[in-house]
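Please open the model in your viewer and keep the selection panel at hand. The stops below move from one selection to the next.

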Amino acid sequence: MSNTVEFAKMNGLGNKILVVDMRGRTDKVTPQAAIALNADADTQFDQIMAIHDPKAQGTDAYIDILNSDGSKAQACGNGTRCVVQALAAETGKKAFTFQTVAGILNAVEHGDGTISVDMGQPVFEWSHIPLAEEFHDTSRIELQIGPIDNPVLHSPSAMSMGNPHAIFWVDRDPMSFDLERFGPLLENHPIFPEKANITLAQVISDSALRTRTWERGAGLTLACGSAACASAVSAARTGRTGRKVTIDVASSPIRQPLVIDWREDDHVVMTGPAEWEWSGALDPSTGTWSRDAERGAEAR
Ligand SMILES: N[C@H](CCC[C@H](N)C(=O)O)C(=O)O
């Protein structure tokens, strides 16, 4: 088995993604390779989407998702759009069915280049999010940060979109909060036994939100698709918006909203862009890599 595989540096609304082609192989991208790739400024990423041969009939590929700290993620909306764009460019196909550890995902590339991913059904049951304590109503859980009588953030909506999310409702620009300081404390709070992705969401209208996310296992990222889905669902669930909203991802350099539709059949469909940046080859066990233009040059 060759020790290098093809990969593409891509982004989904600024969310930094490495799409790694592991088809035809039985090994995996190792946590050590992920950590090494993330330590290099050129390949620094939020998630690796490793495309493996399909394991189930009727699916196009199995996708393994790694965070930049080497941990596993069950869902990555922005990364899934990147995978669709890469495979659509390779095969000319427009519609795909993927399997991940969290289940089956359907996705389609539209004529205008945007991509819709059916992220599946939200989960609200406390033990499945999971939370460490029983909450009958997870749309508003007891959790706060800051002075006890005047908390900066409090009473988030908790849910799973395949991965655990907490959405804190804020009444001013999410960029004005010190999420770098609060994020790690909340991500690792004992109420979240598997940690959680932490989002600040501001309601702009009954069909628009502005969000910013501290990602589990990746920290402050420019965008997070599953958090956008969790924000939209939580907003509709708590009566703050309708079931179809645009999300202005405050931290993203790309000023294009994500559109989230919590359909009547309970599936959450996210639509947005994906962008290819450059391609190369990497060793999935060590993370040693080279750019396509540099091939033949000394590996790094
Ligand atoms: N950036 C991803 C989410 C990664 C989630 C990951 N940080 C975790 O759940 O551990 C997205 O676009 O959905």
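With which side chain does the side chain of N67 make a polar contact? Select N67 and Q47 together: their side chains make a polar contact at 2.8 Å, a polar contact being a pair of N or O atoms within 3.5 Å, where within protein one must be able to donate a hydrogen and the other to accept it, and where residues adjacent in sequence count only if both atoms are side-chain atoms.

Before going further, note that this is a predicted model, in which local features need pLDDT of at least 70 and side-chain atom pairs count only at pLDDT 80 or more, while totals for chains, interfaces and linings use all residues. Residues are numbered from 1 along each chain as its sequence is written, and side-chain values use heavy atoms, with hydrogens and water left out.

**Around N67**

Stay on N67, which sits in strand β4 (residues 61–67); strands (E, at least two residues) and helices (H or I, at least four) are DSSP runs, numbered from the N terminus. N67 is buried, with a relative accessible area of 2%, where buried means under 20%, exposed over 50% and partly exposed in between (1.4 Å probe, protein chains only). Residues up to four places away in sequence aside, N67 touches A34, F45, D46, Q47, K72, A73, R216 and G217, contact meaning heavy atoms within 4.5 Å.

**The ligand**

Next, show the ligand, which 15 residues surround, the closest being N15, G77, R216, G225 and S226; a residue is counted if one of its heavy atoms lies within 4 Å. A polar side-chain atom of N67 lies 2.9 Å from an oxygen atom of the ligand. In the side chain of N197, an N or O atom is 2.9 Å from a ligand oxygen atom, whereas for the side chain of N15 the ligand atom is a nitrogen, at 2.7 Å.

The unreviewed UniProt entry places the feature "binding site" at N15, Q47, N67, G77, N78, N163, N197, E215, R216, G225 and S226; UniProt positions are given in the numbering used here, feature names are shortened, and annotations may be inferred rather than shown by experiment.

Select G225, which lies in helix α4 (residues 225–237) and counts as buried at 2% relative accessibility. Leaving aside neighbours within four places in sequence, G225 is in contact with N15, G77, N78, L258 and M270.

Then move to T241, in the loop between α4 and β16 (244–249), which is buried at 9% relative accessibility. A polar atom of the T241 side chain lies 3.5 Å from the backbone nitrogen of A236. Beyond four places in sequence, the residues that T241 touches include V203, S205, D206 and L209.

**Helix α3**

Which residues of helix α3 (residues 179–187) are buried? Select L179, F182, G183, L186 and E187, which are the buried ones. They are on the same side of α3 because they cover an arc of only 125° around the axis, the arc being that of the directions from the helix axis to the C-beta atoms. On the other side of α3, E180, R181 and L185 are exposed. The buried residues of α3 pack against several strands, among them β12 (164–170), β13 (197–205) and β14 (208–215).

**Last stop**

Finally, select G113, in the loop between β7 (103–109) and β8 (115–118), which is partly exposed at 30% relative accessibility. G113 and E275 are 162 residues apart in sequence, and their C-alpha atoms are 9.7 Å apart in space.
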